[in-house]
Amino acid sequence: MTDPLKQPLHFIDGEFRAGIEGHTFETINPATNRVITQVAEGRASDIDAAVTAARRAFDEGPWPRMSAVERASHLVTIAETLETSGDEIARLEVMDTGLPIKQARSQAARAAQNFRFFARMIQDLGGEAHRVGDEFLNYTVHKPVGVAGLITPWNTPLMLESWKIAPCLASGCTAILKPAEWSPITASKLAEIIAEADLPPGVFNVVHGFGETAGAPLVTHPDVDLISFTGETTTGKTIMRAGADTIKRFSMELGGKSPVVVFADADFDRAVDATVFGVFSLNGERCTAGSRLLVEDGIYDDFITAVGERAASVRVGDPTKAATELGPLIHPEHLDRVMGFVESGKQEARLVAGGERPPGLQEGNFVQATLFADVDRSARVFQEEIFGPVLVASRFSTTEQAIELANDVRYGLAGYVWSGDLTKAHSVAQALETGMVWINSHNVRDLRMPFGGVKDSGLGREGGHYSFEFYCELETIHVALGNHHIPRFGTNGPARETAKGGSH
Ligand code: NAD
């Protein structure tokens, strides 16, 4: 097993290295806030070394030139090791992020599935071909874009990293991963696993560090061709501005404030189960969390009571225990931020459940599963992403009002609709300003489907073949099959100046 107390290093050009300037930073266990270990802290010089290695591996190395089948076999090896290391990865993730162990195990399994899925998908990737009469054949080929900068957040870190790394490497790009500074440990574990899969040096690199000092130089580096970013909307805007001078391709997976719309004719119990799980799983630190509950008048009081009772019974505590449903938030700064929202919710709405640090958990960043009801749409807790175990609820009386309330935020990542009337559910789903909607379902994702948001929740889609649209250039090739007509210029004798001043 990897020693978690060992210093996580950068992984550059096939080697684990300390930072060139020798800086380090601490990573802490959110259940105790005690330091786990010191992590190598990358700066512009480390980023430059990683980009140089990735550029060379792309321009001169075998990786982009290999057949898709060969690249896929490396990805399958990575998936197999991720599977056999699932328990270890889950334990590291629990220690570094506070994710409850059961949920960390499923995230580790999902990371392996991502590698297997994109290994299959790249082998099936086809282009278009059109015959144009007898004269032409036109076709498209996918070519890897080049050197990719992958910048990831601290929630379910390894799984989200795999979501970018697997299609990026499958397509033939080379990569520099800059993991989040609050959850660095599993990125180094992933580098170990990838190193064992014998990828050519420089194909995959990890540089740890902070956004401003390691992320920013990756974004502005002229030899980086694309940036896939997942994180906060404000960071996404900064990154797009910073990358504009070097004309990079961007994929932006940003924040969310997703509505759960529950009609009176919904399956009440299933809707309660999904609502509670959808906002309190993954410690509420989930971009697609259903964090705004909109309930139809007729069942509003009963639904709020049921969700409130369940929220009050969510088991908060030690994330290493199998029975724990809600672990500590990632960092004391994030706890302060979430508690700031809870305090403003207490001024703006009716507190139904939670709202405090759980009794008996004085160490660590714990907060109770919290529900506010009768929340006005103008409230801060209705409008802003809290990214913690806090659910806000409001009532509606007509379908039009439900749609209007659901859309009245700047985000548009996910939406959930609960109704026994499927015609109504479909029309509401299509009226939601959001990238993804689940009808009578919690967030179950088929890997073939596109993932992404609208409005302030992001740009572009990843997932399935959409990931390859991002990591590949599509080149169109036009082939003449016969002697088609070519207009002949310059065949009418010597050129003469036509008029004073010439022509344009
Ligand atoms: P964050 O924006 O603070 O940081 C994300 C990453 O960006 C980190 O690696 C950070 O170091 C880096 N970064 C920060 N400033 C940078 C800069 N100037 N240049 C380059 N890199 C920089 O986000 P976070 O707090 O780590 O994550 C939580 C956010 O992520 C939430 O808003 C959540 O909704 C969002 N998220 C979105 C999705 C999605 O798929 N839409 C998935 C998970 C999380």
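Author: On the helix 3 side, Glu88, Ile89, Leu92, Glu93 and Asp96 meet Ile185, Thr186, Lys189 and Ile193 of helix 6. Sorted by class, this contact has four nonpolar, one polar and four charged residues. Keep in mind that what you are looking at is a predicted model. Helix 3 covers residues 86-97 and helix 6 covers residues 185-196. Their axes lie 9 Å apart, and the packing angle is about 155°. An angle over 145 degrees counts as roughly antiparallel, so helix 3 is roughly antiparallel to helix 6.

Now let your eye move to another pair, helix 2 (residues 68-84) and helix 4 (residues 101-124). Here the angle is about 165°, with the axes 8 Å apart. These two helices are therefore roughly antiparallel to each other as well, and the crossing of helix 2 and helix 4 is left-handed. From helix 2, the contact draws on Ala68, Val69, Arg71, Ala72, Leu75, Val76, Ile78, Ala79, Glu80, Leu82 and Glu83. Helix 4 answers with Ala111, Ala112, Phe115, Arg116, Phe118, Ala119, Ile122 and Gln123. By class, there are 14 nonpolar residues in this contact, along with one polar and four charged.

The crossing of helix 1 and helix 7 is right-handed. Ala44, Ile47 and Val51 make the contact from helix 1, and they meet Thr213, Ala214, Pro217 and Leu218 from helix 7. This contact between helix 1 and helix 7 holds six nonpolar residues, one polar residue and no charged ones.

Finally, let's visit the ligand. There are 29 residues around the ligand, and those that come nearest are Lys178, Glu181, Thr235, Leu254 and Glu385. Gly231 takes part through its backbone, where an N or O atom lies 3.4 Å from an oxygen atom of the ligand.

Conventions: Residues are numbered from 1 along each chain as its sequence is written. This is a predicted model: local features need pLDDT of at least 70, side-chain atom pairs count only at pLDDT 80 or more; totals for chains, interfaces and linings use all residues. Side-chain values use heavy atoms; hydrogens and water are left out. A crossing is left-handed if the near helix is turned anticlockwise from the far one by less than a right angle, and right-handed if clockwise. Helices (H or I, at least four residues) and strands (E, at least two) are DSSP runs, numbered from the N terminus. Contact means heavy atoms within 4.5 Å. Ala, Val, Leu, Ile, Met, Phe, Trp, Tyr, Cys and Pro count as nonpolar, Asp, Glu, Lys and Arg as charged, and the others, Gly among them, as polar. A residue is near a molecule or strand if one of its heavy atoms lies within 4 Å of it. A polar contact is a pair of N or O atoms within 3.5 Å; within protein, one must be able to donate a hydrogen and the other to accept it, and residues adjacent in sequence count only if both atoms are side-chain atoms. Axes are lines fitted to C-alpha atoms, for helices over the stretch in contact, and angles run from 0 to 180 degrees between N-to-C directions. Angles under 35 degrees count as roughly parallel, over 145 as roughly antiparallel, 65 to 115 as roughly perpendicular and the rest as oblique.
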